[in-house]
Amino acid sequence: MNEEEILHYFRKLLSDHPDTSAAIAAMQTMLECIQRSTAETLIELRKNLTSVRDTLTRKSDGPVTTISSGCELFVRFITLTSLEHSNFQDCKTILIERGQLFLKRTKESKDKIAKSSHTFIRDGAAILTHSRSRVVLQLLQEARNHNKRFEVYVTESGPDCSGERMHKKLNEMNIKSTLILDAAVGYIMEKVDLVLVGAEGVAESGGIVNKIGTYTIALAAKAANKPFYVVAESFKFVRFFPLNQRDLPTEFKFTSSTIRDKEDLHAEHPLVDYTPPSLITLLFTDLGILTPSAVSDELLKLYY
């Protein structure tokens with residue numbers, strides 16, 4: 001697949017299936033690349049998959065943190081064990097089967113998280129969330145299915161106002177929600193019982209990369225002594241260890257088109273920020289309910 005075909009396939013997946021995350025769409029694009037590939041060796045095929053990852057992270061305008069971590073884990077999973085076949089086509093068949101299995105497990109992760117974590121939402125709770133997160137929606141739906149009554153405050157989440165889409169979706173699910181200004185987080189904090197956010201990436205430190213404003217909310221939650229919970233699938237675990245906002249790579253903070261078209265990035269608003277582990281109470285994942293300090297151990301299990 002050339003760059004144009006990769007981008008077209010990826011964007012069509014997201015267009016046809018709006019509830020599909022960018023990471024899953026990226027992994028499906030990789031699987032399609034394997035199926036179409038004319039490579040005759042595993043090394044050549046790995047180069048093709050690396051090309052898919054690089055194209056999607058540099059030119060798709062998708063969330064780079066999520067796409068890069070998902071692609072890296074996908075390739076790691078399908079090539080982790082030995083492929084002892086003299087015929088490369090047999091190896092290719094096994095790679096496709098492993099890829100389909102990994103995708104199946106990945107798609108089931110949201111449901112697994114929701115079922116194991118909905119007990120943290122008690123009846124009558126007031127919840128603050130930020131931006132739009134599919135896995136947070138799934139968790140709230142699961143709590144709703146268990147006949148729990150609760151109210152959700154949703155930040156507008158500028159600059160793209162993704163919180164408005166979250167608010168609309170919650171209303172469609174018959175979950176009571178209120179849309180608030182990003183600047184009203186401190187004001188509303190005393191009214192809520194917990195904060196529940198998604199993540200674009202979970203760092204080795206147990207901190208998270210997420211929509212700009214998440215760090216501010218975490219600081220307010222810490223000051224008000226309110227639990228700050230993160231909901232994230234394990235394919236978002238990223239092998240990097242930032243210490244502060246300056247450590248976030250440029251490609252994480254801006255879309256590929258912004259990096260390409262703008263001369264002065266200092267004048268642009270970053271799309272994500274870093275929330276350190278000291279501000280996070282627990283992470284709800286498909287690997288279990290983790291403390292931030294447990295993330296590094298889980299990363300080792302995933303990659304080695």
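**Helix α6**

I started with α6 and found Val135, Val136, Leu137, Leu139, Leu140, Glu142 and Ala143 buried. Buried here means under 20% relative accessible area, exposed means over 50%, and partly exposed lies in between, with a 1.4 Å probe and protein chains only. Helices (H or I, at least four residues) and strands (E, at least two) are DSSP runs numbered from the N terminus.

A note on the source: this is a predicted model, where local features need pLDDT of at least 70 and side-chain atom pairs count only at pLDDT 80 or more, while totals for chains, interfaces and linings use all residues. Residues are numbered from 1 along each chain as its sequence is written, and side-chain values use heavy atoms, with hydrogens and water left out.

Back on α6, I looked up its span: 12 residues reach 16 Å from first C-alpha to last, close to the 16 Å expected at 1.5 Å a residue. The expected span is 1.5 Å times one less than the number of residues. After α6 comes Asn147, with a positive phi near 60°.

Most residues other than glycine have a negative phi, and most peptide bonds are trans. I therefore listed the exceptions.

- Ser131 has phi near 65°; I placed it in the loop between β1 (125-129) and α6 (134-145). Ser131 counts as buried because its relative accessibility is 8%.
- Asn225 has phi near 60° and lies in the loop between α9 (214-223) and β7 (228-231). Asn225 counts as exposed because its relative accessibility is 68%.
- Gly158 and Pro159 are joined by a cis peptide bond, with omega about 10°. Pro159 sits in the loop between β2 (150-155) and α7 (162-172).

**The sheet**

I traced an open sheet of seven strands in the order β3-β2-β1-β4-β7-β9-β10, with mixed pairing. Its edge strands are β3 (177-180) and β10 (288-290), each pairing on one side only. Two strands pair if DSSP finds at least two bridges between them. Neighbouring strands of this sheet are turned by 25° against each other on average, direction ignored.

Next I checked β4 (residues 194-197), which runs parallel to β7 and is joined to it by three bridges. Val197 stands opposite Val230 in β7. Helix α5 (residues 88-117) lies across β7, β9 (282-285) and β10, running at about 130° to β9. For such angles, axes are lines fitted to C-alpha atoms, for helices over the stretch in contact, and values run from 0 to 180 degrees between N-to-C directions.

**The cores**

Which residues touch the most other members of the largest nonpolar core? I found Phe74, Leu128, Met189, Phe228 and Val230, out of 60 residues. Helix α2 (residues 22-36) gives the largest share of this core, 10 residues. A second, separate core of 23 residues includes Ala125, Val135, Val136 and Ile175. A nonpolar core is a set of buried Ala, Val, Leu, Ile, Met, Phe, Trp, Tyr and Cys residues joined through side-chain atoms within 4.5 Å.

I followed Met189 beyond its neighbours within four places in sequence: its contacts (heavy atoms within 4.5 Å) include Leu128, Val195, Ile217 and Lys226.

**Lys236**

Is Lys236 buried or exposed? I have it as buried, because its relative accessible area is 11%. Lys236 lies in the loop between β7 and α10 (250-253), and its side chain reaches the backbone oxygen of Ala199 at 3.1 Å. Leaving aside neighbours within four places in sequence, I also noted Thr66, Ser69, Glu200, Gly201 and Val202 among the residues in contact with Lys236.

Terms used. A polar contact is a pair of N or O atoms within 3.5 Å; within protein, one must be able to donate a hydrogen and the other to accept it, and residues adjacent in sequence count only if both atoms are side-chain atoms.
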